[in-house]
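Subject: Handover of a structure for your review

Dear colleague,

Please find below the structure that I am handing over to you.

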Amino acid sequence: MVAELTRSSRVPRQAIGTGRRSGRPWILMYHSVAEEDEDPYLLTVGPERFAEQMRWLAARGWRGVSMRELLAARAAGRRDRLVGLTFDDGYADFARQAVPVLRSYGFTATAYVVADRLGGDNFWDVKGPRKALLTVEQVRELAGTGWEIGSHGLTHLALPGLPAEQLRAEVRESRRGLEELLGAPVGGFCYPYGAVDEPAIRAVEEAGYDYAVAIQHTPLAGRFALPRCYVGDRDGAWRLRAKRGRHGLRDVVTELRRHRAVPR
């Protein structure tokens, strides 16, 4: 049944621009929303700052949406004033701090969870504070109330350089486990650390995902390596405005480099 649902829910490939004319969607990348005294990796946005950022988006006519909603809208020809909101690692504070603010503006979002670490903590951030991850029950509840849940791998390993069997397990088994947990398709993948190469992209596509998000604008950018814009606690109104402009510029530069690299 899950496999059937997965096939029928795939977003058409024209949903994602591949050239200068259409452009790629603007996607914001968050991690944790909490009060932290120490944040060596700059992954945490304070609750007040997060509310301010969402208020800024809404005031300028932007609507924050999940990746699932964003790509479906683009496939239907509705591209303007939608921004993807993504949350990596699946921190428990997503449900506690982010969701109420998002709901107040009518926004949606995607949370990418580490499938084999639900209910654990961010052991991979060696120098950072321990942060609780969403539990199985919380993930089920979020998905059941309309929030998109995507895979962030099985154990939060960087995929480039992994042996083929381990690479397949990280992308394929994480999807299978989450689909069994939710009883619904899992269409999105998020590369741990934003690390991506061609074998990783092939593995994600072969595992049956609809799309994948990365971080950087690189020649690999596309449906299975969508670039995103990092958002931190220092990002007020003028920085968000600048990041929006820089996203469009980087999109153009990436396409120019891609075309120059194609043999004539």
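The secondary structure of the chain consists of 8 helices and 10 strands. Please note that the model is a predicted one. Of the 264 residues in the chain, 50% are buried. The accessible surface amounts to about 12400 Å², and carbon and sulfur atoms account for 51% of this area. Among contacts between residues at least 6 apart in sequence, 68% join residues that are at least 24 apart.

In soluble globular proteins, nonpolar side chains tend to be buried together. The largest nonpolar core in this model has 51 residues, and those with the most contacts inside it are F50, L57, L85, F87, F94, L102 and Y191. The elements that contribute two or more residues to this core include the strands β1 (27–30), β5 (82–87) and β6 (110–113). A second, separate core has 12 residues, among them V65, L71, A73 and Y112.

The surroundings of F87 may be of interest to you. Leaving aside neighbours within four places in sequence, F87 is in contact with Y30, H31, V33, F50, F94, A98, L102, A109, T110, A111 and Y112. Two of these partners, F50 and F94, are also listed among the residues with the most contacts inside the largest core. Another partner, Y112, belongs to the second core.

I27 is located in strand β1. Its relative accessible area is 0%, so I27 counts as buried. Leaving aside neighbours within four places in sequence, I27 is in contact with M67, L70, G84, T86, L226, P227, R228 and C229. The pair I27 and C229 is separated by 202 residues in sequence, while the C-alpha atoms of the two are 6.0 Å apart in space.

Strands β6 and β7 run parallel and are joined by 4 bridges. Y112 has G150 as its bridge partner in β7. In strand β7 (residues 148–151), E148 and G150 point one way, whereas I149 and S151 point the other way. These four residues of β7 are buried on both sides.

Salt bridges and cysteines

Side chains of opposite charge can pair when their charged atoms come close. A search of the whole structure returned 10 salt bridges.

- K243 pairs with D235, with the closest N and O atoms 2.7 Å apart. Both K243 and D235 are buried.
- E179 pairs with R175, with the closest N and O atoms 3.3 Å apart. The two residues are 4 apart in helix α6 and are therefore separated by about one helical turn. Both E179 and R175 are buried.
- D116 pairs with R117, with the closest N and O atoms 3.4 Å apart. D116 has a relative accessibility of 46% and so counts as partly exposed. R117, at 28%, is likewise partly exposed.
- E173, R176 and E180 are linked in a network of salt bridges.

The search for disulfides in the whole structure found 0. Of the cysteines, C190 is buried at 0% relative accessibility. C229 is also buried, with a value of 9%.

Backbone angles

Most residues other than glycine have a negative phi, and most peptide bonds are trans. Which values of phi do D89 and H156 take? For D89, phi is near 85 degrees, a positive value in a residue other than glycine. D89 lies in the loop between β5 and α4, and its relative accessible area of 3% makes D89 a buried residue. For H156, phi is near 65 degrees, again a positive value in a residue other than glycine. H156 lies in the loop between β7 and α6 and is buried, with a relative accessibility of 4%.

With kind regards

How values were computed
Residues numbered from 1 in each chain as written. Predicted model: local features only at pLDDT ≥ 70, side-chain atom pairs only at ≥ 80, totals over all residues. Heavy atoms only, no water. Buried < 20%, exposed > 50% of the residue type's maximum accessible area, 1.4 Å probe, protein only. Contact = heavy atoms within 4.5 Å. Areas by Shrake-Rupley, 256 points an atom, 1.4 Å probe, with all protein chains shown as cover. Core = buried A, V, L, I, M, F, W, Y, C linked by side-chain atoms within 4.5 Å. Salt bridge = Lys/Arg side-chain N within 4 Å of Asp/Glu carboxyl O. Disulfide = S-S within 2.5 Å. Pairing = 2+ DSSP bridges.
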